[in-house]
Amino acid sequence: MTTAVSSSSSLSSRAKTWWTILRISLEERFVYRGDFALGTLMRFLPIITQVFLWGAIFAASGNNAIQGYTANAVVAYYMLTMISRAFSSMPGLCSGIALQVRDGEIKKYLIQPIDLLGFLLITRVAHKLCYYAIAIIPFTLVFYLCRGFFENGWPEATVLVAYGLALTMGFLLGFFIEASLGLVSFWFLEVTSLVFVYNLLNFFLSGHMFPLDLLPEWANQMVRLLPFQYLAYFPAAVFLGRIEQDELWFGLGVEACWLLAFVVLSRVMLNRGIHRYSGFGG
Amino acid sequence: MPMALIELNNLQKTYRVYQKKEGLRASIKGLFKRKYKEVQAVRGIDLQVEQGEFVAFLGPNGAGKTTTLKLLSGVIHPTAGSATVMGHIPWRRENDYRRRFALVMGQKNQLWWDLPAQESFRLHQQIYGIEPDTFQHTLDELSDLLGLRELLSQPVRELSLGERMKMELTAALLHSPEVLFLDEPTIGLDVVAQHNIQQFLKYYQEKRKITILLTSHYMKDVAALCKRVVIIADGQIQYDGSLSGIIDETTNRKLVTLQFADPIDKMLLGSLKRFGHIVHHEAPRVKLGVTRDDVPAMLTAILDAYDIDDLIVEEPPLEEVIADVFARVSETSATQSELGLSRSNDTQVGEAE
């Protein structure tokens, strides 16, 4: 990340700053432990509908497999996208930024020697760590109970490494896309409808709802040109071994490019936005 | 001539505000074509503040006080003019500058709402790179002075407004800023909390010799703390000097209260009007506003003619004098805009797509 504290401060003191922010936001998250536990549990309810839905679809089609997906594989896919989403979704990030711009809390980052994006990223890492710390229990349980849907068992080590990379970049990509959206609030105070459109696109184009390779070829080609697939489809497809070796590293490379693009975009938007804010608003 | 610690030269700030007319039709029209009004919040302020001064900004709402503080803390940048604080241009927002000042806004919260203030302080320690020993020492000192020790581990949301304000002050002072901007630090506080904060600020400023600019609507804050007062109204400085000087310079009235031994009748009141106007009258007392130079002659005449039990000669209350100054400013600007001299707020209405 870019410098959050003065450039003169050493790397170790910067690391210490990040660590403090992380620790404090962890503490803050644990204040709401009840909300967490409930939110985590509710996440698993859709699995049941998915099992029934795809059972019905396959029964109606009379085929054992659609585009290489068996009914079991689709459920496995769906469960894996839940993990992708646990990394890439950023509840409250965009609206949080908009709120800070609107009620002027953003001033804090102008007055104190601290970088807004870096700060938000660290607090988001803390949110996620908190979430995983609690969610790992039900996730493990559900995956254990549903292990039958994974017909191919565990993937090989290189695929697992690629999977880890895809998830990590998925987290960062999700963060920087939503941060960029939130920063639009420097120009338009209200971004709710923008978030709505984004969530809608995300829902369909990320592969959250169905595997993207079920789409007709032309649609599939188009969706592949967008960054959304990395938020849900791509990591899941990697895990399921649906992506060939050489395509795998290429895919990760493209994901890294998208990530870089959104890092730069959000940075430019922040600088311009602050400039505009300090020129007109306050 | 050496530069003052804070120096403002012809500082100006104009905001552009979207003008929406009433009604749905106007709203739809506003989607395509918007009218903006230029609001000149600050219209050319020149000011020098030396190291160690405690200066109060007084002025009616919307006078430009807060805008000036925002300019000086680098949150916004000016439309014209220049300013330096400790040699830095604030709106460049260099980290070196940001480590040397603090801004406390009475109506804004900087602490983490759900966590004890202690945690926010730790974060400040890291953000400002404060050495652990210095940090602990400063925190101990501040929490003792403000009586916060027992409250440090309580979530901020559970604190009273007064306690929270003290925490905000502590957070702002942890990195020992050399310049402190306070925007209505006692707003909404009860008398005791207000007094506590005044006492603290006074002590701290005298001890550390830091430079403080304060805006407040409470004259008590100002009277207790600041030797120097800057009255801002209509985006310009109307007065800059000592607090007592305001009265000398802006009014030539004294208040004379007379307590009569005999009942007051209409005739008496009528004859009193020769000396000045009657501010208040409730038997057996009459309060008169009298031109300063006339006071001795008036007293001689009255003591000669009537039986007086008690007599008080005093300055008019500060609030009144300042309100007079504010009122005079808005009157002049109103007259000038009627005459087409265009100094009022809404002079330039521009259109933009």
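Mentor: Let us begin with strands, which are DSSP runs of E, at least two residues long, numbered from the N terminus. Two strands pair if DSSP finds at least two bridges between them. Please keep in mind that this is a predicted model.

Trainee: How many residues lie between β8(B) and β9(B) in their hairpin?

Mentor: Two residues lie between β8(B) and β9(B), and in that turn Asp234(B) has a positive phi of about 60°. The two strands run antiparallel and are joined by six bridges. One pair to locate on the display is Ala233(B), which stands opposite Gln236(B) in β9(B).

Trainee: Which strand pairs with β8(B) in the parallel sense?

Mentor: Strand β3 of chain B, residues 54–58, pairs with β8(B) in that way, over four bridges. Within this pairing, Val55(B) has Arg228(B) of β8(B) as its bridge partner.

Trainee: Why is β8(B) described as largely enclosed by the rest of the structure?

Mentor: The idea rests on counting neighbours: a residue is buried if 20 or more other C-beta atoms lie within 10 Å of its own. Strand β8 of chain B covers residues 228–233, and five of its six residues are buried, so the strand is largely enclosed by the rest of the structure. For chain B as a whole, buried residues make up 35% of the 353 residues.

Trainee: In what order do the strands of the open sheet in chain B lie?

Mentor: The order is β11-β12-β10-β13, four strands with antiparallel pairing. At the edges stand β11 (277–282) and β13 (308–314) of chain B; each has a single partner strand, so one side of each is left without a neighbour in the sheet. From one strand to the next, the twist averages 20°. To examine one pairing, take β10 of chain B, residues 253–260, which is joined to β13(B) by six bridges. There, Val256(B) stands opposite Val313(B).

Trainee: Why does Asn10(B) count as partly exposed?

Mentor: Asn10(B) has 14 C-beta neighbours inside 10 Å, so it counts as partly exposed. Arg93(B) is also partly exposed, with 19 other C-beta atoms within 10 Å.

Trainee: How should I describe the chain as a whole?

Mentor: One then turns to domains. The assignment gives domain 1 (1–100 + 178–192 + 207–247 + 319–353), domain 2 (108–176) and domain 3 (252–314). The centres of domain 1 and domain 3 of chain B, taken over C-alpha atoms, are separated by 41 Å.

Trainee: What span does helix α9 of chain A reach from its first C-alpha to its last?

Mentor: Helix α9 of chain A, residues 192–205, reaches 20 Å with its 14 residues, close to the 20 Å expected at 1.5 Å a residue. After α9(A) comes Gly207(A), whose phi is positive, near 85°.

Key: Residues numbered from 1 in each chain as written. Chains lettered and ligands numbered in written order. Predicted model: local features only at pLDDT ≥ 70, side-chain atom pairs only at ≥ 80, totals over all residues. Axes fitted to C-alpha atoms, helices over the stretch in contact; angles between N-to-C directions. Buried ≥ 20, exposed ≤ 12 C-beta atoms within 10 Å, placed from the backbone. Domains from an automatic or database assignment. Expected span 1.5 Å × (residues − 1).
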